[in-house]
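Welcome! Let us take a friendly walk through this structure, one stop at a time.

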Amino acid sequence: MREDITLLMPVLNGQAHLWDQLQSLARQSHRPTRLIVSDDGSEDDSLEILHRFARMAPFHVTVLRGPGRGYAQNIHCLLRAAPKGIIGFSDQDDVWLPDRIAQGHRALERLAHPALHVTGRIVTDPRLRRRRQLAHHPRPGFANALVQNIAPANATMLSSRATELVRLALPPADLMPPFPDWWIYALTTGSAGAVLCQEGASVLYRQHGANTLGAAYGTAARLRRLRYLLGGRYGMWLRAQTQALWRVRDLLDPEAQALLHRFSVGLHQGGWHPETLGIRRQSRAQQAALCTAARLRLL
């Protein structure tokens, strides 16, 4: 029996690129069962575009009214609405290559444990030109998930068991951490789940200056992330993420619980060293920056 595939799309003032993405979903070689959209108070023509697409889409489309309290709570709304089965996240401004869903479905179908399928992404300019594939990071795990997200929402699909795990762990909406996809990556790896990273890319990741975070590519993007690190914003994200995981620590395996406890103590007391705890980011440069920030009590 074929598993249901539900796509979840948060929308806010997305009219510039929304139709392109919706059309790419309709052109998938393996179509989803349904698309659930949560519009978080668009003041442009996004709703009109969504309803026009819903009338001609080759799958069922539901358009919800979002809570109007920001990205994280809008994702919370979508996760609450998602039924059982495989789910995937779709950004409003990307374009999916025709085999995106098929690749995820082949990897996740009938898995008996929580798992994420993470496809590669190709960074583009607003007109989908100047394409360059983002670096591939093949070393997922809970020790990485505490300080970095390598399962970004627009590249990630969840197995049925991962969907069940997320729904079980879902906090109240106002306690959702700033980056729900990062939380899902940590929750899955901390619960002995798998992360299946695909080297080939199947998402065109459009950069247009209004992305929620944007790709970690190029000098400007690296400087922006450095400012987040030195200015304390990254430390705030770490604390929110850790607190959200601590609330559902009983769902984590014993080793992950122990590491989460040591990491929480380090964040609270300051002066901790990531490598002493076995915590790591993907690249040497990123790890060096993390160690320096921890030593200088910037986190």
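Is the crossing of α1 and α2 left-handed or right-handed? In this predicted model, α1 and α2 cross in a right-handed way.

Now look at the side where the two helices touch. From α1, the residues taking part are Leu18, Trp19, Leu22, Gln23 and Ala26. Across from them, α2 brings Ser46, Ile49, Leu50, Arg52, Phe53 and Met56. Sorted by class, the residues of this contact are 8 nonpolar, 2 polar and 1 charged.

Our second stop is about empty space. Rolling a probe the size of a water molecule over the atoms shows where such space is left. In this model, the count comes to 1 cavity of 30 Å³ or more, and the largest cavity has a volume of about 30 Å³.

Which residues line the largest cavity? Its lining is made of Phe89, Leu116, Ala151, Ala153, Thr156, Asp181, Ile184 and Tyr185. Helix α7, residues 180–190, gives the most to this lining, with 3 residues. By class, the lining of the largest cavity holds 6 nonpolar residues, 1 polar and 1 charged.

Definitions and conventions. Residues are numbered from 1 along each chain as its sequence is written. This is a predicted model: local features need pLDDT of at least 70, side-chain atom pairs count only at pLDDT 80 or more; totals for chains, interfaces and linings use all residues. Side-chain values use heavy atoms; hydrogens and water are left out. A crossing is left-handed if the near helix is turned anticlockwise from the far one by less than a right angle, and right-handed if clockwise. Helices (H or I, at least four residues) and strands (E, at least two) are DSSP runs, numbered from the N terminus. Contact means heavy atoms within 4.5 Å. Ala, Val, Leu, Ile, Met, Phe, Trp, Tyr, Cys and Pro count as nonpolar, Asp, Glu, Lys and Arg as charged, and the others, Gly among them, as polar. On a 1 Å grid over the protein atoms alone, a cavity is a set of points where a 1.4 Å probe fits but cannot get out, and a pocket is an open set with protein on both sides within 12 Å along at least five of seven lines; lining residues have an atom within 4 Å of a point. Grid points are joined across faces, edges and corners, and a volume is the space filled by probe spheres set on the points.
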